[in-house]
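User: I would like to learn how to read the features of a structural model. Could you take me through some of them in turn?

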Protein chains: 4
Amino acid sequence: MGFQQREDIQHAYQRVRARSLEIAAPLSAEDCCAQSMPDASPAKWHLAHTTWFFETFILEPHEPGFAPFHCAYRVLFNSYYNGVGARHPRPQRGLLTRPSLDEVRAYRLDVDRRMAQLLAGSADPAVAALVELGLQHEQQHQELMLTDVKHLLAQNPLYPAYTPQEMEAGAAPGSLSWIAFDGGLAEIGYGGSGFCFDNELPRHWTYVAPFELASRLVTNAEYLEFIEAGGYRDPALWLAEGWDRVCAGEIPHPLYWIDRQDGWHEFTLHGVQPLDSARPVTHVSLYEADAYARWRARNESGVRLPTEAEWEFAARQAALAAGGLHPPAANGDGLLQMFGACWQWTSSSYAPYPGYAPAPGAVGEYNGKFMVNQYVLRGSSCATPDGHARASYRNFFPAGARWQFTGIRLAR
Amino acid sequence: MGFQQREDIQHAYQRVRARSLEIAAPLSAEDCCAQSMPDASPAKWHLAHTTWFFETFILEPHEPGFAPFHCAYRVLFNSYYNGVGARHPRPQRGLLTRPSLDEVRAYRLDVDRRMAQLLAGSADPAVAALVELGLQHEQQHQELMLTDVKHLLAQNPLYPAYTPQEMEAGAAPGSLSWIAFDGGLAEIGYGGSGFCFDNELPRHWTYVAPFELASRLVTNAEYLEFIEAGGYRDPALWLAEGWDRVCAGEIPHPLYWIDRQDGWHEFTLHGVQPLDSARPVTHVSLYEADAYARWRARNESGVRLPTEAEWEFAARQAALAAGGLHPPAANGDGLLQMFGACWQWTSSSYAPYPGYAPAPGAVGEYNGKFMVNQYVLRGSSCATPDGHARASYRNFFPAGARWQFTGIRLAR
Amino acid sequence: MGFQQREDIQHAYQRVRARSLEIAAPLSAEDCCAQSMPDASPAKWHLAHTTWFFETFILEPHEPGFAPFHCAYRVLFNSYYNGVGARHPRPQRGLLTRPSLDEVRAYRLDVDRRMAQLLAGSADPAVAALVELGLQHEQQHQELMLTDVKHLLAQNPLYPAYTPQEMEAGAAPGSLSWIAFDGGLAEIGYGGSGFCFDNELPRHWTYVAPFELASRLVTNAEYLEFIEAGGYRDPALWLAEGWDRVCAGEIPHPLYWIDRQDGWHEFTLHGVQPLDSARPVTHVSLYEADAYARWRARNESGVRLPTEAEWEFAARQAALAAGGLHPPAANGDGLLQMFGACWQWTSSSYAPYPGYAPAPGAVGEYNGKFMVNQYVLRGSSCATPDGHARASYRNFFPAGARWQFTGIRLAR
Amino acid sequence: MGFQQREDIQHAYQRVRARSLEIAAPLSAEDCCAQSMPDASPAKWHLAHTTWFFETFILEPHEPGFAPFHCAYRVLFNSYYNGVGARHPRPQRGLLTRPSLDEVRAYRLDVDRRMAQLLAGSADPAVAALVELGLQHEQQHQELMLTDVKHLLAQNPLYPAYTPQEMEAGAAPGSLSWIAFDGGLAEIGYGGSGFCFDNELPRHWTYVAPFELASRLVTNAEYLEFIEAGGYRDPALWLAEGWDRVCAGEIPHPLYWIDRQDGWHEFTLHGVQPLDSARPVTHVSLYEADAYARWRARNESGVRLPTEAEWEFAARQAALAAGGLHPPAANGDGLLQMFGACWQWTSSSYAPYPGYAPAPGAVGEYNGKFMVNQYVLRGSSCATPDGHARASYRNFFPAGARWQFTGIRLAR
């Protein structure tokens with residue numbers, strides 16, 4: 001369901017916008033300004049870009065007597081919308097020491113004030129739909145703020161914590177079991193009446209052969225067995241592209257793992273912690289997820305990653321869950337950790353559903369043009385904002401991306 | 001059908017092996033040695049590597065008293081089989097001025113002699129199956145020999161022809177029409193009793209929604225309209241990755257097109273020729289094929305590239321055809337140019353069929369490990385050897401590859 | 001003369017150290033953290049590294065009961081001293097959002113307090129010599145703080161000023177005249193009793209043929225003539241390496257020049273200003289300086305860049321001058337602008353003087369190991385701290401460096 | 001002395017031109033076509049480019065009714081003369097499989113025939129001077145043909161020999177002694193009446209302090225001591241740029257050295273040979289030569305590389321020598337191996353002599369534009385053609401170049 005069904009749109013606006021500032025609160029102005037790689041953006045940029053979205057797509061066409069807060073921001077905080085004009089080069093976002101964090105906060109305040117005014121006076125459903133899109137968009141950036149700042153802090157030899165805290169070791173989860181699904185001709189894609197992104201549409205028929213899904217994600221303990229069995233030294237387990245990266249030293253183990261004299265540790269948003277056997281392995285690429293599955297298949301015939309259709313087929317009965325700054329261990333019976341722990345790599349490349357059409361105008365440059373050389377991840381992670389996930393949600397990243405909270409769900 | 005059903009395996013061996021030398025015949029030793037890019041290999045290397053395949057996978061395990069022709073060739077002419085040991089770095093194949101072309105010919109003769117001896121004395125069906133695989137493998141390299149040497153010759157400002165010849169302009173084909181298919185639950189994958197590659201298996205059920213397929217490939221004349229309408233200047237038509245390459249100047253028009261004062265020309269294996277309006281556009285990337293389809297969709301709702309399942313569904317009734325050194329114009333009625341003109345980009349990423357398992361051993365490193373970040377092309381091209389194509393055949397290349405005879409078949 | 005002759009060493013310490021903080025004062029914490037290219041460092045890093053120098057080379061060996069302020073700083077703020085151990089990778093200095101600017105200020109305070117204590121209690125001339133070296137080193141970084149932050153601000157489309165101010169156009173200087181020198185066998189290198197860097201030693205004999213030196217630096221107006229005459233389009237004027245960069249679009253005009261509809265402008269530390277005809281051209285590479293000289297030589301036989309020996313020979317009679325944030329116009333008669341405007345490219349590569357020996361220990365890794373593929377600049381710039389320059393001073397940068405205040409003095 | 005003094009110019013032309021073909025004689029067409037790195041050129045290209053030089057700079061202006069042999073060759077075989085128009089990109093010379101080696105031989109024949117005709121009928125001293133320049137130019141390329149083909153063959157895992165032959169170990173040379181020179185004000189540069197390159201002019205005064213020069217080159221045995229003492233692991237010995245390359249694994253030992261179970265070997269033009277202790281170390285960069293000298297300086301105060309002025313000062317009394325395909329061991333007393341063994345790195349950057357002016361026109365693009373970021377090598381090597389060397393000769397390469405026959409002469 002979208003916001004407008006659940007709560008007053010103005011209240012939703014305030015709630016979501018406030019959350020972004022909460023995420024930035026533990027960070028200094030310096031932390032908010034730096035960019036650790038072209039794929040990641042500074043927190044300040046996220047705060048400004050999400051504001052730019054409301055200013056550009058809602059205030060500009062709908063506010064009477066619209067004047068931009070600052071005309072240069074149109075370019076500075078455009079991410080990739082060609083339809084809106086020029087944009088600042090992505091790899092140089094970290095050089096924007098001006099506007100300052102304080103000025104960006106002032107930008108947010110100003111746009112929020114004007115949005116409140118607009119929403120108070122307007123019942124235009126087109127505006128409401130754009131606000132909903134803008135809030136969903138902001139929620140996506142809220143997750144990125146956390147994963148991007150994690151990547152930045154991890155580059156610092158001091159390994160500073162986002163919020164320092166000692167993490168308790170999770171209780172060992174039960175052994176992985178297989179849950180069977182009949183499959184058959186099934187409808188896939190969003191079928192409700194609330195909000196969804198255009199890439200979840202149209203709902204359509206697909207044939208799913210009978211399959212089984214693992215009851216929970218692969219744990220650190222299980223992944224460590226793969227490492228200790230020589231998984232990163234055996235080319236037969238790897239996609240050729242992945243093996244090239246392993247040989248180049250780019251993928252020696254999951255991102256953020258640290259091999260110390262006193263054992264494996266993991267850098268988390270709470271700082272460096274001893275590796276917790278019970279929690280799911282996270283920050284792995286599709287290459288690693290796939291290699292792990294192939295390794296398992298040597299002893300358990302047919303083990304592999306699920307397709308996105310299989311995942312969605314199974315997810316209809318799964319409980320939503322969310323929260324925290326690191327994926328929790330599985331707890332309980334049945335189909336666990338579908339949501340709220342790690343995004344789950346599928347073997348499906350990111351492609352349009354049959355009959356897919358992007359929204360008209362610049363706002364439609366949201367999904368379609370990225371549908372090549374990316375792979376679908378399903379579910380949600382600990383960092384996904386509450387209320388943002390659903391069974392038909394399609395997240396997507398290149399096969400080598402590791403800085404998201406990605407994990408491994410097996411199928412067979 | 002595989003070779004062993006069609007003809008005596010020994011005869012097939014002689015026929016296919018001889019064909020490779022025929023392809024090399026118009027080339028000098030210098031032409032056969034150079035490498036124009038890491039993706040392309042020298043003709044001499046193709047001649048040696050296909051021989052290495054028979055020596056390594058058939059003679060070594062099956063010839064009594066096997067001794068290698070030259071022990072260094074094991075490394076020099078291994079392409080990517082990790083299971084067989086080290087290999088010469090791919091981008092440096094053009095530096096192998098030794099062994100000479102004459103020595104590689106001697107290598108072929110020696111292996112052919114020993115293969116003849118082995119085949120004369122053996123009725124082992126495992127050997128026959130490997131010979132079949134080796135011949136199909138050599139046919140794939142025969143197509144690459146032509147496309148790789150075309151790329152090499154195109155780097156030379158003299159634009160030398162592989163075989164000089166004036167090409168006749170084709171007759172203008174009829175206008176493109178749409179052929180409707182009902183779709184439904186359908187079996188996809190190879191279902192015959194002859195040879196197929198492992199990636200065509202297992203045959204499996206899939207659901208295909210009703211669709212229409214264009215009766216023929218997009219012509220040069222039609223593609224030129226797209227160029228003249230500003231197709232390469234409009235970001236809204238392009239996948240983001242493709243647009244980045246267009247902006248970087250890497251994709252200004254189809255590969256081998258030459259913009260001269262007296263009009264567009266095209267470099268072909270017969271030398272530079274005036275662009276023939278009637279022939280299909282070829283040497284385009286998936287990015288270009290996709291952008292062209294989006295441009296058409298502005299006026300004809302729903303136009304897009306087909307999925308590989310749609311293509312295969314339709315292809316069951318299509319006639320095989322082959323031959324020549326440049327794609328011919330369409331001629332006739334019905335579903336034309338499915339085979340023998342240009343490989344056709346689909347929107348399907350190259351992924352394993354449900355239940356896919358590679359062959360055991362090093363020979364199984366043939367398909368599976370490349371199933372990421374590549375896209376499926378269907379059909380065959382003018383350069384595909386006679387008898388090599390079939391409806392279930394899955395060719396695959398990265399989205400940016402342009403040096404194959406790739407073309408555009410539309411769907412909707 | 002070194003500090004110890006001029007003033008009490010403790011006073012000098014306080015004065016120089018305070019100046020670094022003054023330079024950082026107009027900058028926010030964000031401004032101080034970002035790094036715009038690998039060659040430039042964040043202001044915060046400069047503040048910390050200069051402090052690290054005193055802590056590592058003076059406190060560590062000389063302070064009783066020495067304990068480091070923070071043991072990780074040893075690595076974080078080491079620039080290039082292999083003798084002192086590991087160091088943080090230079091291109092990633094901008095990712096060090098921690099320690100914060102406040103923490104670095106606290107680091108400075110702590111080291112300053114301990115240095116004051118040490119200096120109060122010690123009359124060790126070895127310590128005094130190291131303090132002098134540390135202060136001269138800090139002055140070098142003071143100049144870099146200004147040029148590095150200028151480069152950073154110039155990457156921002158907002159073109160923020162370091163200190164906003166309208167610059168007055170200088171009065172047109174008199175036309176360039178030639179001042180003749182007899183040359184002869186001459187002593188070059190530092191010959192005084194004060195401080196100098198090891199690369200200025202030993203003083204040695206060299207033969208200087210008779211030559212003439214331009215009375216002042218080349219102005220913006222004169223350089224503009226070169227541009228308008230097609231200087232950047234004529235390969236005959238350029239060193240081959242420079243021409244390659246011109247063709248690659250890397251050197252279209254002096255760095256920081258902006259071509260606007262209403263004429264040429266220049267980004268300065270005071271913000272964007274109309275190009276001032278009277279001031280010297282600055283932020284040019286050796287390639288540009290050399291090309292300009294060759295262009296002048298077409299009409300004035302023998303015009304070229306000076307050697308460093310010629311420059312030093314002439315400079316003995318030149319007046320020191322300093323100050324400001326942009327090079328001032330020449331004013332007066334005689335040999336002008338030798339100091340305090342722009343560093344002046346010479347045709348001399350940076351090489352050891354005959355008999356040169358670096359200081360023993362890690363502190364000796366200061367000059368010698370950079371004596372390859374760099375060129376000597378002589379004089380000083382507007383950004384050089386007061387009291388830092390002298391006639392024998394040898395500055396050095398790669399031929400392509402442009403972010404320093406570099407200018408052109410002609411010889412013939 | 002130039003050719004015209006020594007022998008009839010026509011005879012010289014025939015002799016030098018014939019020598020190029022002799023050098024190519026042991027090579028196949030394939031060997032002559034490949035290019036192993038951008039800095040090296042195919043032998044076929046050398047054969048064509050040297051011919052292009054005569055055609056372009058002599059026949060074109062001086063032959064009545066001149067018509068080019070093939071108009072495309074003007075671009076294909078231009079090396080770097082901007083004044084003559086476009087040129088084929090250097091890194092793609094190896095892709096020129098056409099014209100064939102036979103066609104290039106025909107090109108040579110044709111130009112030689114026309115040159116003979118021109119020379120028979122002309123006594124124009126300007127023509128004679130250009131012929132002399134063309135022959136000297138061709139001799140330089142003769143040396144490059146050998147070093148470039150050596151580099152190519154070394155990339156082949158088969159390590160084919162240019163001319164297979166077992167090399168005899170040299171007799172151990174006497175221990176290195178120091179020969180003293182008084183120095184003083186001296187004239188440097190070519191002072192004779194024969195041919196020299198423009199970079200050897202003008203002859204000029206320079207001051208040379210008293211110095212000593214090593215009696216012979218550093219041997220393999222001596223260099224091995226440096227390696228075994230950890231020379232490649234000690235940053236204190238290296239220029240910073242060189243150390244970066246060592247750390248990147250690019251410079252593990254002299255180029256072409258091979259570390260085998262049965263000891264060090266060296267790839268030579270005669271194939272792989274056991275490392276000969278008596279012969280001079282060769283194929284070292286300036287970084288290695290400089291590091292070796294610093295290592296020696298730890299025990300012998302002041303050891304370093306010579307300047308080019310020192311080298312030339314000393315060379316006036318040295319005997320010319322030449323020949324062979326690998327540097328021979330020193331033999332005898334006095335100042336040995338100044339010529340005919342290895343080019344000797346100096347500490348002098350390649351810069352114009354005072355008053356230097358390049359020749360007018362395109363032919364003047366020979367030396368001047370390369371006078372940046374290169375270092376002077378003096379003497380000659382085993383591969384330098386007989387009669388090409390002289391004491392004032394200035395060879396030059398970037399500090400990292402290793403594929404020439406470079407060696408180490410110490411000074412102090």
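**Reading the backbone, the helices and the contacts**

Analyst: B:Pro202 is found in the loop between strand S2 (184-188) and strand S3 (204-208) of chain B. The model is a predicted one.

User: What should I know about peptide bonds and phi in general?

Analyst: Most peptide bonds are trans, and most residues other than glycine have a negative phi.

User: Where does A:Pro99 lie in chain A, and what is the form of the peptide bond from A:Arg98 to A:Pro99?

Analyst: A:Pro99 sits in the loop that runs between helix H5 (73-76) and helix H6 (101-121) of chain A. The bond from A:Arg98 to A:Pro99 is cis, with omega near -5°.

User: Now phi. What is the phi of B:Tyr159, and is the residue buried or partly exposed?

Analyst: B:Tyr159 is not a glycine, yet its phi is positive, about 45°. Its place is in the loop between helix H7 (125-154) and strand S1 (178-181) of chain B. For burial, count the other C-beta atoms within 10 Å: 20 or more means buried, and 12 or fewer means exposed. B:Tyr159 has 17, so it is partly exposed.

User: How does the count come out for D:Gln337?

Analyst: D:Gln337 has 26 C-beta neighbours inside 10 Å and therefore counts as buried. This residue also has a positive phi, near 60°, and is found in the loop between helix H11 (308-315) and strand S8 (343-349) of chain D.

User: How are two packed helices described?

Analyst: By the angle between their axes and the distance between the axes. In chain C, the axes of helix H4 (residues 43-62) and helix H6 (residues 101-121) come within 10 Å and cross at roughly 30°. Angles under 35 degrees count as roughly parallel, so H4(C) is roughly parallel to H6(C). The crossing of H4(C) past H6(C) is left-handed.

User: Which residues meet where H4(C) packs on H6(C)?

Analyst: From H4(C), the residues include C:Leu47, C:Phe54 and C:Ile58; from H6(C), they include C:Val104, C:Val111 and C:Leu118. By class, the residues of this contact divide into eleven nonpolar, two polar and four charged.

User: Next, the chains. How many residues does each of chain A and chain B bring to their contact?

Analyst: Chain A brings 24 residues and chain B brings 24 residues. On the side of chain A that touches chain B, strand S3 (204-208), helix H9 (240-247) and strand S8 (343-349) each supply at least two residues. S3(A) gives the most, with four residues. That side of chain A has 15 nonpolar, seven polar and two charged residues.

User: Which chains do not touch?

Analyst: Among them are chain B and chain C, joined by no contact, with closest C-alpha atoms 13 Å apart. Chain A and chain D do not touch either, and their nearest C-alpha atoms are 13 Å apart.

How values were computed
Residues are numbered from 1 along each chain as its sequence is written. Chains are lettered from A and ligands numbered from 1 in the order in which they are written. This is a predicted model: local features need pLDDT of at least 70, side-chain atom pairs count only at pLDDT 80 or more; totals for chains, interfaces and linings use all residues. Axes are lines fitted to C-alpha atoms, for helices over the stretch in contact, and angles run from 0 to 180 degrees between N-to-C directions. Angles under 35 degrees count as roughly parallel, over 145 as roughly antiparallel, 65 to 115 as roughly perpendicular and the rest as oblique. A crossing is left-handed if the near helix is turned anticlockwise from the far one by less than a right angle, and right-handed if clockwise. Two residues are in contact if their C-beta atoms, placed from the backbone, lie within 7 Å. Ala, Val, Leu, Ile, Met, Phe, Trp, Tyr, Cys and Pro count as nonpolar, Asp, Glu, Lys and Arg as charged, and the others, Gly among them, as polar.
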